[in-house]
Structures are given as C-alpha cells and as structure tokens.
Amino acid sequence: MTTPATFPRTAILLLASLAATAAPYAPARQKQSADSPPADTRPPLIQKAGIDQKLNQPLPLEAAFRDEAGRGVTLGHYFGKRPVILALVYYDCPMLCTQVLEGMARDLKPLSFDPGKEFDVVAVSFDAREGPAQAAAKKQAILARYGRPGAEAGWHFLTGDQASIDALTQAAGFRYAWDPQSNQFAHGAAIMIVTPEGRIAQYYYGIEYPPKDLRLGLVEASKNRIGTFTDQILLYCYHYDPATGRYGNVVIGSMRALALATLLGLCGFIVLMLRRDVARARRGGPS
C-alpha cells in the first residue's frame, strides 16, 4: 500500500514512465506538424466535393448538350454576344440546387437588365441521368418565380452525357461526388459569371447574390458593353474580391486623397490670387 510519504515519489515515477513511453512518438508528431499541412478531418465524400476557382479559364464551348426542348446544342451556342451566368446544378436535387436557382431568380429580379438582351442564364445539370423533361420542368418553375415576361428567351436549362459534363465541370473547377447512402450528390453552391468569349470572370458563392454585385459583375464581364456611365464609375470605386465573391470599396483612400489634393489646390489658387491683388494694390494699379 502506498503511504502518504511515498505517494509523491510514486507519482513522479509514474509520470516519468509515461513520458518515456510517449517520447519516441513526440518527434514524429512535431515533424508532421512542422512539415505537413493539418490533416483534413472532413468525411471523404465531402473532401471530394468543392469549387476550385479557375478565373480566366476558357470553357469547352464545343461540348454538346441538349436544351429543355430536347434540341442538340453546343455550349458555345449561348456565347459570343453577351455575358452568361452559369449555374452547375442537378434538377432533381431536393435542397441546395433549387435554392441556387431560386436565389438567382430572386436576386436578378431587381436588375433593369433583361435576360436574352443584356445577359443570358445557362443552367447545366451535372447528373447525366437527367434529360430534357427534368430541364423543362425546372425552367418552368424558376421562370414562374422570376416573373418577368419574355425571360424564357434568356434562361436555358441543359442536360448532357458524362463526357460533356466532365469537360465543363473540370474547366469550371466544380467537384462533386455521389453519395449512395442518401441517393444525392455532394456538391458546393456557386454561380459563375462568364465573359461573352467563354472565360470565367467571377464566382459567387452560396445561395444569395447581392443585386449590386451581379450588375457590376455583368458590366465588367461585358467590358462595359452593357450598363450605364454610372456603372462604369462604380467599377472604379469597387473591386471584385475572388476570396469573398463580392465587390468591395477598395479605392476610398484614393478618393479621399484626390479630394484632399483638390482642396489643397483650391487653397493654393486662392492664396496666389490674394497675393496678386495685394501686389497690384501696392503699385496703385487696378485690381
């Protein structure tokens, strides 16, 4: 039995034994911490899904799809004239994809731009099992929510085979994975603004897209072919941040500096005029 007098010595010996046992493993853990990135503790399925930004990446415009009416089209059919908002979804998705499409319909509604005139919306299913029937049903539901006459000319819902889907999702950096337990795809939520030439200009994450950002993104992607003079001025005052997928006011410091320089210039001009008037008064000349 351990007596009170011998307890401290017994505790010290026990701690020393534990430390000696753990010592061979400590350097390995330290080396892993120093030389390796932290381990990804997310489930393997979630690790496979994600969005890797590929700004200025050209999309495969030659990829073949079918529109909601079953007509064969290429992706390039929707490019060349206007910027495009691209959404990679699947139409039978019970939650996230519907929220992405409904979020677009809700947040594009305040814009004065009309789909089919200033821009186009192209939704592409990444589920090769889906066809024109699912695309047509989804288009009807989303256009009913959007509620703008004539919008059907600018909203397009495509389906395709696995080869075309892979070419597009890989070019866009969109990764997804099938979960057999839930019978659903694991995937991220984002839309992309693409230039008329078919290059990715911006990513917007989530299911809410500020109308101001969407408008500026479309104007910038169009290289000022659409929008007003005010939009062009705002693009000088706001800058798209790829990390947040938002426009931020990054030139306020420059604007303040310009205002200060203008004020100093005005003060200098006033001082110069006053000195000239004083000099003329001393000479007795007209002021």
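**Close-up views of a predicted model**

**View A. Helix 4 and its cover.** Among the elements that cover the buried residues of helix 4 are strand 4 (84-89), strand 5 (120-125), strand 6 (155-158) and strand 10 (190-194), together with helix 5 (132-146) and helix 7 (211-221). Please keep in mind, as you look around, that this is a predicted model. Helix 4 itself takes in residues 96-108, 13 residues in total, and reaches 18 Å from its first C-alpha to its last, close to the 18 Å expected. Its buried residues include Cys97, Val100, Leu101, Met104 and Leu108, and Asp107 is on the list too.

**View B. Strand 10, enclosed.** Here we turn to one of the strands that cover helix 4. Five of the five residues of strand 10 are buried, so this strand is largely enclosed by the rest of the structure. Ala190, Met192 and Val194 point one way, while Ile191 and Ile193 point the other way. In a regular strand, side chains alternate between the two faces of the sheet.

**View C. The partners of strand 10.** Strand 4 runs antiparallel to strand 10, and four bridges join them; in this pairing, isoleucine 85 stands opposite isoleucine 193. Strand 11 (residues 200-205) also pairs with strand 10 in the antiparallel sense, over five bridges, with tyrosine 205 as the bridge partner of alanine 190. Strands 10 and 11 form a hairpin with five residues between them, and in the turn glycine 198 has a positive phi of about 90°.

**View D. A nonpolar patch on the surface.** Leu266, Phe269, Ile270 and Leu274 make up this patch, and together they have about 400 Å² of accessible area. To find your way, look for leucine 274 in helix 9 (residues 252-283).

Definitions and conventions. Residues numbered from 1 in each chain as written. Predicted model: local features only at pLDDT ≥ 70, side-chain atom pairs only at ≥ 80, totals over all residues. Heavy atoms only, no water. Helix = DSSP H or I, 4+ residues; strand = E, 2+ residues; numbered from the N terminus. Expected span 1.5 Å × (residues − 1). Buried < 20%, exposed > 50% of the residue type's maximum accessible area, 1.4 Å probe, protein only. Contact = heavy atoms within 4.5 Å. Patch = residues over 30% accessible without salt bridge, like charges linked within 9 Å, V, L, I, M, F, W, Y side chains within 5 Å. Areas by Shrake-Rupley, 256 points an atom, 1.4 Å probe, with all protein chains shown as cover. Salt bridge = Lys/Arg side-chain N within 4 Å of Asp/Glu carboxyl O. Pairing = 2+ DSSP bridges.
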